[in-house]
Amino acid sequence: MESSLKIRFIFLAVIMATAITTTALASEEENVSNPYTLQNKESSFLQRTNRFLAQSRPPADKMTCDRYPRACKTKGGPGPDCCNKQCVNVMTDLLNCGMCGKKCGYFKMCCRGECVNPFTDEKNCGRCNNKCGNGSSCVYGLCSYA
């Protein structure tokens, strides 16, 4: 009787080991077949943090620039300035032109922190920093239209 119990235990252990191995291989195949998953070993290591490390990092929804000012300085971010808990660039943002909360009016754009009309502004004709030269004027966003 005791030997049949040992055989059952060994059989159960082999089945569990096979199931774990099969599951691990299936998850690796999914990572290889999915082009949108990260293949970098460093990034996969960072994704598998333990509970202690996960608790020390603030949740993504709590990580706002008013609490963490360096969040806006990341490469490829929307801008280096923090306005109303959002990262913006006050030199180009229509809703925060030059300073937080300063909105550019209708038909205006933000160039170097100033609201300008690109249809008539001689220094920003049609787009930012497009100067009309040779005494020409800016009409409808074009230099020397007439």
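This note goes through the disulfides and the aromatic contacts of a predicted model.

1. Basis. The model is predicted, so local features need pLDDT of at least 70 and side-chain atom pairs count only at pLDDT 80 or more, while totals for chains, interfaces and linings use all residues. Residues are numbered from 1 along each chain as its sequence is written, and side-chain values use heavy atoms, with hydrogens and water left out.

2. Disulfide count. Searching the whole structure gives 8 disulfides, a disulfide being a pair of cysteine sulfur atoms within 2.5 Å.

3. Cys97 and Cys110. The sulfur atoms of this disulfide are 2.2 Å apart. The S-S torsion is about 90°, so the link is right-handed. Cys97 sits in the loop between β2 and β3 and Cys110 in strand β3, so parts 13 residues apart in sequence are tied together. Strands (E, at least two residues) and helices (H or I, at least four) are DSSP runs, numbered from the N terminus. Cys97 is buried at 0% relative accessible area, and Cys110 is buried at 4%. Buried means under 20% relative accessible area, exposed over 50%, and partly exposed in between (1.4 Å probe, protein chains only).

4. Cys104 and Cys115. The S to S distance in this disulfide is 2.2 Å. A torsion of -85° about the S-S bond makes the link left-handed. Cys104 is in the loop between β2 and β3 and Cys115 in strand β4, so the pair connects parts 11 residues apart in sequence. Cys104 counts as buried at 14% relative accessibility, whereas Cys115 is partly exposed at 24%.

5. Cys125 and Cys138. Here too a disulfide is present, with S to S 2.2 Å. The value about the S-S bond is 90°, and the link is right-handed. Cys125 belongs to the loop between β4 and β5 and Cys138 to strand β5, so parts 13 residues apart in sequence are joined. Cys125 is buried at 1% relative accessibility, as is Cys138 at 5%.

6. Aromatic pairs. The structure holds 2 of these. Rings of Phe, Tyr and Trp (its six-membered ring) pair if their centres lie within 6.5 Å; planes under 30 degrees apart are stacked, over 60 edge-to-face, and the rest tilted. For Phe107 and Phe119 the centres are 5.6 Å apart and the planes at 80°, so this pair is edge-to-face. Phe107 is in the loop between β2 (86-88) and β3 (109-111), and Phe119, 12 residues apart, is in the loop between β4 (114-116) and β5 (138-139).

7. Cluster. Tyr106, Phe107 and Phe119 make up one aromatic cluster. Phe119 is partly exposed at 35% relative accessible area.
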